[in-house]
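Hi everyone, thanks for coming.

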Amino acid sequence: MGAAPGRRDVHPSMARFLAWDDGTCRLLFIRSAAGTGRGYFARSWIGNRDGEVLDWSAGGLDEAAETERLLQRLRADATLHLAVILAPGASLWDLSSRTPCLVAKHRDLLLDARETARLVGTHATAGGDQGIHELSGGWLAAAQALAADPKAGARAQQIIRRGLAAWLAHRDPGGALSEAGFLPAFDRRTVEAFYGEFSPVVHTLEELVEAGLVQEDGRGGWMMPAMVRQVLVERVGLRGHELTSALEQASVNAMAATRGVGAAVDSAVARHSWSALLNLLLEHWVDIFLGNPQQLGAVAAKVPPFIAAQTEYMRIGLRFLGQTDRDGMALQLPGFEPDYATNQTAQRLRRDAQRLYAKPDNQALAVGLLETGHLRMEGLYPEAAHAAKRLLEALHRALDTQKLNPALVSWVELQAGISLQLAGFDLQARQAYERGFHWAQVSGKAFLLADLAGKLALINILEGDSASAERWLAEHDVAVGDVGWGRTVAERTAAMARAYLALARLDYAGFEELMGTLPPKPDNDEFWAAHAQLLALRKINAGLSDAARALVSSLRQERRYASASPLAQRLFDDTLMLAEILERGGMRTGTAIGAEHRDPLLLALGHLLNGNPDAALAALQDVPLTRGMRRRGNLALYLDLAARNPEGPTPQALQRVRRLHRDSGVLYEISILGLVPGWSEVGRALQLEPEEFQRLGYALDLAPAPLPRRPVLTAREQEVLRQLRAGMTRRQIAEADYRSENTVKTQMRSLYRKLEASDVEHALEHARNWGL
């Protein structure tokens, strides 16, 4: 009959099972798989009492009729105890509803972690009890085999395979529960997310526990024993590779959705689910990158070479990852002359991106990002901008058809904006940054919020929009405190924007303090040219124009190809021109700076200082508000007023300046206007605060006295100058023009006066100096 309850020779889970038994029931139904010690469990329950174990596990019986016979026996013998081992498909509800009885289910017979530990402790050769429990899951026969011989893994696996196969044939005929064998971790949300992705019926953790496939791990969580998992995976595998691939992907996605992308990546790597891992990385790599790019590099390094070799994307991506450190990214600047036509990687990426853009998805966006990043690193800035436009078009079409990761959308807009800004497409860059900031808010990623706000502050201050720059800096301050990795990157553009803003306010002390937060020399930040301009402006403010020019010249030589970006060219040309204007009090005629790169506002200022208001007005015609860089703010309006009032401000002009400055002005604009002859006292008419007036006065005192005005000759005087240059005498000029010599003499006297010359030789020399 077996041992009585309470004795040592009982099934290890019996004490747990009897904890809630009042001892009045004399009938026990057991429905469990072979290998769980169900006969041993039945004998242990009967113990030394009068009883019998009946094995109905083979099936083929009329269980209802047989149960009626058992009831008759129990009524006839008041001391009789019966333990019945049922077939896996037996209906416990139907049988237990006929009479009071005990029911032992499959999970009741599986040993828990403590029971396994006690079992292992009785075997001298046993291995670790926790390891045995995680392998066998408390299947008694398997645990006993492993406890007696740690090398008996194959035998233990066969025990579980044999028992579980028959059990699942009845308990899981469709195989849905077995599919959970692909899920690496278990809790209610993860199980439901797993089944919710592909199954019309969302199975639950409770169902898996009830089926005995998942059980407590002894540490407050749930686990699926390794040997049980192997059987389930084998069973599902018989249904085809396509299903197993889909289940691997579903498990990775469920982990990402409930436990985070990092946990999903780790589980995919541990289980060698390479296809699912690559798909996960395509969708979520930006989440990993923003949290810990070193982890992304470590994951990529674990991908087998034969998998990575299938695509060049991995190689290019690893090149980017190789430039990350604990603070951010130190991008490699181009070291060779860019040549788009011969750059095979660039050509291949473009072909792949255009092919994928036909039906844009996560992979298409990832390849597009690699294309724009590769082009920037190669110094192909215009091509990167065109690639960014194609990428944005694909992104917006993808958003119309599918749900995308908000962090990925924000990252695409950010990277496209960088490519556009470096190439001089400032309006489109600002729009991309603004859209990126919106998606960063949806994603909640602090790095994206802080970095995009900083870049928006920088692009707005470079355009002259101080109010917008201040607003974006406020947004940056809200987000940057929550940034972990990449905080140095996120703070860089914001720090530069603050420095420019300090200059706009003529706050030189604040400017110096902010410059102290930036590196002493430009590093490899993609906006290094703005940093370089700030360093040059610092020298100009100290009266060291030659040093500023030397800095620009050396950087153009050292960073030849990076300096060729439209943004760098423009910033450097502006710097050189400003140094010239402030140093000379005017603008040299025939300057070597290319007209296509010169800031129209600085050109207009130079013409005004040279006494040529008409040329200033012509330059201001090239300041359309839609072109982006430095096109906003009040400076263009101020210079237009000065050009139309060359003798000084009228009351109406002063009233307009006061209104503009009050509504949206900064002191820098007034200081520039104050350089124009006749407008030096404009600051006194603005009712500035004492500190502001002091800053303005300091700035204007730094400027040298303006050069003498360029002579303005009448058409007749210009003709006389041409004839003198041709070597003609006063009489020859009179005869050629049918005029009297006295008339020509008067015209020559006027010409000498304007050129401040005493004779023909001096007149011709001075005219050459003025470029006349």
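So, what is the mean pLDDT of the protein, and what share of its residues reach 70 or more? The mean is 84, and 87% of the residues reach that mark; pLDDT is the predictor's confidence in each residue, from 0 to 100. This is a predicted model, so local features need pLDDT of at least 70 and side-chain atom pairs count only at pLDDT 80 or more, while totals for chains, interfaces and linings use all residues. Residues are numbered from 1 along each chain as its sequence is written, and side-chain values use heavy atoms, with hydrogens and water left out.

Two stretches call for care. Over residues 1-7 pLDDT stays under 50, and the model has 28 contacts beyond four places in sequence there, a contact being heavy atoms within 4.5 Å. Residues 591-595 also stay under 50, with six such contacts. Where pLDDT is low, the predicted coordinates should not be read in detail.

Now the overall picture. The protein has 40 helices and six strands; these are DSSP runs, H or I of at least four residues for helices and E of at least two for strands, numbered from the N terminus. Of the 772 residues, 53% are buried, meaning under 20% relative accessible area with a 1.4 Å probe, counting protein chains only; exposed is over 50%, and partly exposed lies in between.

Let's look at helix α2, residues 38-46. Seven of its nine residues are buried, so α2 is largely enclosed by the rest of the structure. Among them are F41, W45 and I46. The buried residues pack against helices α1 and α5 and strands β1, β2, β3 and β4. After α2 comes G47, with a positive phi near 60°.

Next, please move along to N634, in the loop between α32 and α33. Is N634 buried or exposed? N634 counts as buried, because its relative accessibility is 4%. Leaving aside residues up to four places away in sequence, N634 touches L660, H661, S664, G665 and E669.

Two of those residues turn up again in the last stop, the packing of α33 on α34. Their axes are 11 Å apart, at an angle of about 175°; axes are lines fitted to C-alpha atoms over the stretch in contact, and angles run from 0 to 180 degrees between N-to-C directions. That makes the pair roughly antiparallel, the word for angles over 145 degrees. L637, Y638 and L641 of α33 meet A653, R656, V657, L660 and H661 of α34.

Thanks, and I'm happy to take questions!

Conventions: Angles under 35 degrees count as roughly parallel, over 145 as roughly antiparallel, 65 to 115 as roughly perpendicular and the rest as oblique.
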